[in-house]
Amino acid sequence: MKLVDPKKTIEVIQKQDFSFRKRFGQNFLIDMHVLEKIMDAAAVTRDDHVLEIGPGIGTMTEALAERAGYVTAVEIDGDLIPILRENLKGYENVDIIHGDILKVDINKLVEEKNGGRPIKVVANLPYYITTPIIMELLEKRVPMISATVMVQKEVAARMMSAPGTKDYGALSLAVQYYCRPYYAATVPPNCFMPRPNVDSAVIRLDRYDTPPVSVRNERLMFDLIRAAFEQRRKTLVNAINGSGRLAITKEQAAEAIARCGFDPMVRGEALTLEQFAALADALA
Ligand code: SAM
């Protein structure tokens, strides 16, 4: 019986006397169809080295080990490490690492485990740190073909959203600068044990070789984006001027916005990625 079977998950949890830790975002997958959807979306083959973040009791790890060349799985909860080792002892292509993914040097891990060649990330992410994990993968430029991740549905909407919508923000722009996002599936709470309070979604982010827009100073562009959305109800001029992270005067901001041909009263939430890049170039 596979680990994804609810009866098997219960058996493992009871046998090992495991207690769920809410603070680690532990909602284990117990739905075979959803597991298959994740595997289809991730399109893992024997040529792939997979990094799994938060393997839990090994439900996805088991499915990944049957498809991938190698799986490296990083789990924070020490109580799960012996359970993972026991559940996955039949697979020689799995390495379990006990650690906090936000403290692991992922680039170094990819270098050590896969000679620096791009990996595929597959994860049912702990919801309390979804955005920091995604930002870490993107901003640290982890060599990565794709990241297929289960996230809260609302976070998936933020990753996919376009200017002028309520979900549009710094996460949308960061994801869309580095990756092309595909929405793979909506997943209801009853597919997990214990059940989360919200719907979830599977999303795949395909890393671009080259970002879709070019910008001279990437850092400045992302500082402008953060400034714009930290105070999203303000006009862009005032948001830039009021931001502690930018040493740009109101006059300089207004002049650059005019030079780009934007409305002087424009808000950041109306600007596309290309327009943020143009503004960064005007201010560079
Ligand atoms: N992959 C399993 C599944 O699908 O059933 C478990 C998914 S559960 C949503 C999230 C997992 O991430 C838990 O096992 C949790 O302990 C682990 N986790 C939480 N924070 C973590 C961190 N900072 N680093 C590594 N793993 C973490």
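The lining of the second largest cavity is made up of five nonpolar, three polar and one charged residues. Here, Ala, Val, Leu, Ile, Met, Phe, Trp, Tyr, Cys and Pro count as nonpolar, Asp, Glu, Lys and Arg as charged, and the others, Gly among them, as polar. This is a predicted model, in which local features need pLDDT of at least 70 and side-chain atom pairs count only at pLDDT 80 or more, while totals for chains, interfaces and linings use all residues. Residues are numbered from 1 along each chain as its sequence is written, and side-chain values use heavy atoms, with hydrogens and water left out.

**Cavities**

- A cavity is a set of points on a 1 Å grid over the protein atoms alone where a 1.4 Å probe fits but cannot get out, and lining residues have an atom within 4 Å of a point.
- The second largest cavity has a volume of about 50 Å³, a volume being the space filled by probe spheres set on the points, which are joined across faces, edges and corners.
- Its lining residues include H49, L51, T72 and I119.
- Helix α5 (106-114) and strand β2 give two or more residues each to this second lining, and α5 gives the most, with five residues; helices (H or I, at least four residues) and strands (E, at least two) are DSSP runs, numbered from the N terminus.
- The largest cavity has a volume of about 310 Å³, and of the 26 residues that line it, G54, P55, G56, E75 and N124 are the closest to its centre.

**Aromatic rings**

- There are eight aromatic pairs, meaning rings of Phe, Tyr and Trp (its six-membered ring) with centres within 6.5 Å; planes under 30 degrees apart count as stacked, over 60 as edge-to-face and the rest as tilted.
- The rings of F20 and F28 have centres 5.1 Å apart and planes at 55°, so this pair is tilted.
- F20 is partly exposed at 30% relative accessible area, whereas F28 is buried at 6%; buried means under 20%, exposed over 50% and partly exposed in between (1.4 Å probe, protein chains only).
- Y168 and F229 pair edge-to-face, at 5.7 Å centre to centre and 85° between the planes.
- Y168 lies in the loop between α7 (153-160) and α8 (170-178) and F229 in helix α9 (residues 218-230), so their pair ties together parts 61 residues apart in sequence.
- Both Y168 and F229 are buried.

How values were computed:
1 Å grid on protein atoms, 1.4 Å probe; cavity = no way out; pocket = protein on both sides within 12 Å on 5 of 7 lines; lining within 4 Å.
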